[in-house]
Amino acid sequence: MFTKTNKRRNIRTVPLFIFVSASLLLASCAPVAAPTAVEKEVTRVVKETQVVKETQVVKETQVVKETQVVTQTQIVKLVYGNLPRNETLIIAGTASNDVWDTFSMMSGPLTNAYSGYQQVGIEQAFLFAGGKYYPYLAQKWEYNKDGTEMTLYLTTNATWNDGKPVTIDDWTFTLDYLHANKDKGVPFGTMLDTTKYRTDGTDKIIFSFFDAKDPKKAVPNWRFHQSIASFVPLAKHVWEGQDPLKFKNNPPVEAGPYKLVSCNADTKTCIWQRRDDYWKKDEKLSPKYIVFTRQPEPDLLTQDLISGNFDLSQLNAKLATTAVMPKNPNISMVEWPDPCPRQLMFNMEKAPLNDPAIRHAMSLLIDRERAGKLDNPAAKPGVLPWPYQGDPTSPFVDPADLKNYDVGVFDPAKAAQVLDDAGYKLVDGKRVDQNGKPLSFSIMTFDPSVHGAAVNGFPQMMAEEAAKIGVEILPKVVEVGVFFDNAQKGNFDMMYQWVCGAPQDPLAAYSFLHSRYYKPIGTATGFGQHLGYKDPATDALIEKVEQGNPADPALADTYKQLFHTVTSQWLYVPLFSLYQGFPWNNEYFTGIKNQVEPWYWMYQFRGMLMYIDPTQK
Amino acid sequence: MDSFPLRQKRSSSQNLSALQARLQPYLPTAKYILKRIGIYFLTVLGAVTLAFIFFHLMPGDPLSIVFSQLEKTNLGRVTGGAEVAEAYKRLLGLDQPLPVQYLLFLRNVLIGGFDLGPSFVAFPTSTRDVIFRQLPWTIGYFTSAMLIAWLIGTTIGALLGWLRRIGLTSVAVGIATLLNITPVYIIAIAAIIFFGYHLHWLPTGQPYDPGLTPNWGDIEFIKNVLRHAIMPIASVVLVWGASFSLGMRSLMISVLGEDYLSYAKAKGLTPFMILRDYAFRNALLPQVTALGIALGNTINGVLILEAIFVVPGVGGLFVRAMAIHDFNVMQGVVLLSTVAVLTLSLIVDLLLPFLDPRIRRSND
């Protein structure tokens, strides 16, 4: 039972609590020492001039002229504790995976791609940037005459960031370690299923390739350098005996140019410092510190960029150009071609989409220029399934195919004509097939916030054009997970997709058409998409390209045949290239070039570091 | 000697009766408590089971998707996407039939110390660790904000109700109504732009300055954390405080019409005593219930505020887990959230008999 005194005492605790809470909040608010939380502006001695002391001695009168010691001071902002802003490159991104205490490539895509570990912590065999391979932990490669062996020449002066040398033992340990753990899904785990290796001295590894079904049968693999380029050897003295999926490698022992200072899960911020003992002495590494941090929501990121708080971020081009650049003249846009031009895919197992005429008509209904402009005012209609700069001329394309098969052409009248010619007649305003069934198709896309407005804009535009010629098109926007699930199982009519062919070797633009990936509708393909396409002739072309040497000019003809197959049957048709560009702050670091791909979520980031210089000398 | 057992028997019988008589007043309360606890456990089990089923009914197999897409684009150095996805399914326990997964889930939660296996979103950190890493921030920011909002809102609401005939209160009610209908993110963004970017008075986000090393024994670090917490907490306090004050004002106005207040006035009690002991106490009960529910919901985090202020809370974790169908984390957060809401409701239910004698005396 409560007594009256107790009641009073209980009730008095309420104002007391309010008073204490308010006092705490006010107390915490009181000492505001810095203009912002992130950037503290303090005076810091950066450079001192030499002491100049001049003395003139004159007899008798003894006049002494003395120049005072002069110390030049420069105001430098300190950020993230005590890092000088003019030596710190700040990258703001959106961390996909919430991993801040593990620095390992073993879990592949589950690694946090925004911590800086992949960008500046690790070292690969080669860096592939701008169509060129740059040597890092390996110097060069050589194939034998028939492409069944490749010799990799290792770099011999590389060191781990704990001071120990990177040796051929580290390489061979890594190859065996990854293969021994292939069941755990580690990268390169299955490589030794079709590849053997042997060493030659301390700087050469010879890889030989064989048929998985018949290990005695040698097979060519002219693209082995493409995959081994991204190989990251592990430090044997660190990884030996460790479980690849549990070992945190913290602090990371790697051969890359920057060493981890701190990584914080609360603030989602990792700070890296340039190694004084970095082994590649000719490497340009302007920033002493690189900070990878989580970017705020777009409205607030805009304010951060206006204030120059970040050097590179993921703000979309429209906000950057309209809201940031007018207010901060130091900001410029870094642009590069879409590495994976967007395509419209057909489920060719579903009638009447198995008819090339239907697919041709669908292609003619796409107003690519208008749709692309929803995302990028400078967008051009897509033509090739690999990145290119406006001119679609390529050794892998016959220009006649572009013209003959209306690649990238918008012509609704011709679409109607194509349907008429193929027997899809207009009955009571509706276009019907030979059985009298109206033509009706859905186009599956996903949340526009993921890939931009054009992704959901083009189906709507197609629907409007299709309605004019009696065809029903239903735009179908689904959740991303549902999109991929439907894509894999063939639960769609048409869908938005992207194809990432390489301009020098566009195999990836065709390999998914091979019938080895074919599965009946309802069964997951395990390869991202289900096109319901099977053709032995196409398989043969793909296999020829797979086994051929991409450096061999003769392979261009096979590639041309593949392009012809795709365009003449409209196996998939181009849409547009998405805008690729991010705002760059030139206030502290400049020299960034367009077309450089500052992909700060992957190793390509290193390609960008090659160009930038400090603005404030 | 013979009479002793008789005396003892009589004595135990008397003791039992005496004990029963002594316990009699507490029996309704005990029945009430047991019933509430029983309902609590059943509800937890039901909610967790439903969540498990619904999550696993979600279409899509993102594990396969993540790996196969990366294989396709040659990113992430993945080869054999389908095989890798299968390996991770085994690791995450997703290769078992659904009923087995459910039983394993219950076993791991109940006798495995909340062991929900590895997370996918923060691999290889365990689900338990990743949730408990984020939880203190959510509680520290939003649960404390809700408590402050309730205390301030309830006090102001009681005064607004009590002083309802004074013209100035209508201004306060207008302001409270405006705050109540304003989305909290608008207030948050406006506060950040004004106090953070323009005036530079307060930090614009993050739980503390990114350059700091967490040290809860360091007063400077704690002050830094508190400075970062001011705007998120103030945003919640403004909006929810307004909501609580309007609710309390209505409750007060309804109570002020009761006869017992006229009786108290007739007895000659001072207005302050009538406010404190009669009106406020009676109006408080529904507010306490509302607080219990609101507090439980803060475990989910105020998602939008977590995103705006870059707070590493449970809400943001749940959203990321949803995006890649990280069942372990999703189930963990839902379990925690359900238990929090239900536990706080239970606590409120158990407190009610002590706050309201009518419940204490009731058989139901």
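Which cysteine forms a disulfide with Cys263(A)? The partner is Cys270(A), and the two sulfur atoms lie 1.9 Å apart.

Before I continue, a word on conventions. This is a predicted model, in which local features need pLDDT of at least 70 and side-chain atom pairs count only at pLDDT 80 or more, while totals for chains, interfaces and linings use all residues. Residues are numbered from 1 along each chain as its sequence is written, chains are lettered from A and ligands numbered from 1 in the order in which they are written, and side-chain values use heavy atoms, with hydrogens and water left out.

A disulfide here is a pair of cysteine sulfur atoms within 2.5 Å. By that rule, the count over all chains is two.

Let me return to the pair already named. Cys263(A) is partly exposed, at 21% relative accessibility, whereas Cys270(A) is buried, at 0%. Buried means under 20% relative accessible area, exposed over 50%, and partly exposed in between, with a 1.4 Å probe and protein chains only.

The other disulfide joins Cys340(A) and Cys500(A), with sulfur atoms 2.0 Å apart. The torsion about this S-S bond is about 110 degrees, so the disulfide is right-handed. Cys340(A) sits in the loop between strand S14 (331–335) and strand S15 (342–346) of chain A, and Cys500(A) in the loop between strand S20 (494–498) and helix H15 (536–547), so the pair ties together parts 160 residues apart in sequence. Helices (H or I, at least four residues) and strands (E, at least two) are DSSP runs, numbered from the N terminus. Cys340(A) is buried at 11% relative accessible area, and Cys500(A) is buried at 15%.

Finally, with the bonded cysteines of chain A numbered in sequence order, the pairing reads 1-2, 3-4.
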